[in-house]
Amino acid sequence: MKGASFSVLVKEIGTERTLYTYDTDRELIPASVMKLVTSSAALEVLGEDFRFETTLEYDGEIKDGILAGNLYIKGSGDPTLGSSHMVPEGTRDVFYVQQQFLRNWIQAIKNAGIREIEGSVIADDSLFDTEVIPMKWLREDMGSYYGAGSYSISVFDNQYRLILKTGESGSRPEITECIPEIPGIVFHNYLATASVSADSSYIVGYPYSNDRYLYGVVPARKEKHTVRGDIPDPGIFLAGLLHSSLIKENIRIQGDITSYRLLAEANQWAAKPRKQITSTYSPPLAEIIEIINKKSHNLYTDAILKILGFSHEEKKDEILSSFGKGTTFVKDYWKEQGLDVTSLWMFDGSGVAPTDKVSTGLICDLLLYMHQSPHKDTFFASLPKVGEEGSVRNFLKGSVLQGKARLKSGGMSRVRSYAGYVQKEDKEYVVAIIVNNYHGEGRNIIQKMEKLLISLFQ
């Protein structure tokens, strides 16, 4: 802990009596504990029943089975479209189930009487701006599966799986397959193999760019080793997938694929009256929040942050990005609820940005606030039980606190954090604990945090 920063706060629910406190005003990097700030605001503002809607639309007219116009995918920012997290556990062919919405779309197009399309398949990705990744994220995050950008149109968690065949130690692995196949993507392979059990590889690339660079080390002598990265342009990818799927169903398409972004950049976008073919809805926000807090899903969190941004009332001459609107609204919202947000510095909703800052004092105040909320039960249930579920399934396992605490965890390089609720006999407590800039391996500091929490609630 030499040179490190540490903060802990425990308060009793009901009396709000402080039991334990250390440096609770310190502004620290929270990592994924930041998701508590975003997810709780979403429940309060949008409500548990809020759903994203993705619509399939067309312009022009349908006559004798021919659409004299274009087909559109209008995005709503839905991060759950085709998401693997919406597939029931135990499903054998996960990717087949993920594509069910696509089969529904094709059937809806057939039901509309369309057998030929004279125009193009267009991804209407106009809802958010093109700053799909916050400016404060690190280069190592861009291109990674956990650092997938938040677009107006998202699909399959904006992820692909790259299958590698690795040889002897010191050799370069072979890329054998990309699932799903992404047209135009180029992999620059600088990976190495070694006699290790853990994967320490990176896939690095920028949004809208098809170049992806593979660095780091993967285990040797594996017939199938999987690494994951982010889809560079999910809107164009989905338009292409729909285009090729329709052709397979013998629906002719004369035009190509494009998007609002590409047409607007070329000054070729023209708004035309459209008619709706069908809509696809996300699960309710209550289910999305549960995945955010139990699975620590970055894309889900940043998508709802951007939706919250539409509630921000821009001041005169104020120009903010979709992320900027979201973070500004969330901070202002909690300030209006009476929380001291002096320590809150938000640059995303997920906590990936190392410039995000928060104090344990604010986190505990927020937890106390949510305990009185009409959405208390939904928020409480979204936090995983320690030693049993989600990102804390191994934390405090076998201890007196197993199953008696619900905590959101956070972690990045030299950052570890936990926050949530603890039940002890007939009393409940809120707790937040954050450590920054520790030395040594992460598992050592986690063990010491476990020991501290056990001693506090013994």
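Guide: A helix here is a DSSP run of H or I at least four residues long, and helices are numbered from the N terminus. One more thing before we start: this is a predicted model.

Visitor: Which helix gives the largest share of the lining of the second largest pocket?
Guide: That's H4, with six residues. The second largest pocket has 16 lining residues, and Gln99, Leu241, Ser244, Ser245 and Lys248 lie nearest its centre. Helix H2 (94-98), helix H3 (100-111) and helix H4 (234-248) are the elements that each give two or more residues to this lining.

Visitor: What makes up the lining of the second largest pocket, by residue type?
Guide: Eight of its residues are nonpolar, four are polar and four are charged. The pocket's volume is about 390 Å³.

Visitor: What makes the other kind of space a cavity and not a pocket?
Guide: It comes down to the way out: a 1.4 Å probe fits inside a cavity but cannot get out, whereas a pocket is open. With a cut-off of 30 Å³ or more, the count is one cavity. The largest cavity holds about 30 Å³ of space. Its lining consists of Thr54, Gly75, Ser76, Gly77, Asp78, Leu81, Ser152, Ile153 and Ser154. By type, that lining has two nonpolar residues, six polar and one charged.

Visitor: Why is strand S3 called largely enclosed?
Guide: Buried means under 20% relative accessible area. Five of the six residues of S3 (residues 53-58) are buried, so the rest of the structure largely encloses this strand.

Visitor: How do you know that S3 pairs with strand S18?
Guide: Pairing takes at least two bridges. S3 and S18 (residues 275-281) have six, and they run antiparallel, so they count as a pair. In S18, Lys275 is the bridge partner of Tyr58.

Visitor: And what makes S3 and strand S6 a pair?
Guide: Four bridges join S3 to S6 (residues 71-74), again antiparallel, so this one passes the rule of at least two as well. Leu56 has Ile73 as its bridge partner in S6.

Visitor: How do you know that the span of helix H8 agrees with its number of residues?
Guide: At 1.5 Å a residue, the 15 residues of H8 (residues 322-336) should span 21 Å, and the end C-alpha atoms are 21 Å apart, so the two agree.

Visitor: What covers the buried residues of H8?
Guide: The cover includes helix H1 (34-46), helix H7 (298-308) and helix H9 (360-371). Among the buried residues of H8 are Phe323, Phe329, Val330, Tyr333 and Trp334. Just after H8, Gly338 takes a positive phi of about 95°.

Notes. Residues numbered from 1 in each chain as written. Predicted model: local features only at pLDDT ≥ 70, side-chain atom pairs only at ≥ 80, totals over all residues. Heavy atoms only, no water. 1 Å grid on protein atoms, 1.4 Å probe; cavity = no way out; pocket = protein on both sides within 12 Å on 5 of 7 lines; lining within 4 Å. Points joined across faces, edges and corners; volume = space filled by probe spheres on them. Nonpolar A, V, L, I, M, F, W, Y, C, P; charged D, E, K, R; others polar. Buried < 20%, exposed > 50% of the residue type's maximum accessible area, 1.4 Å probe, protein only. Expected span 1.5 Å × (residues − 1). Contact = heavy atoms within 4.5 Å.
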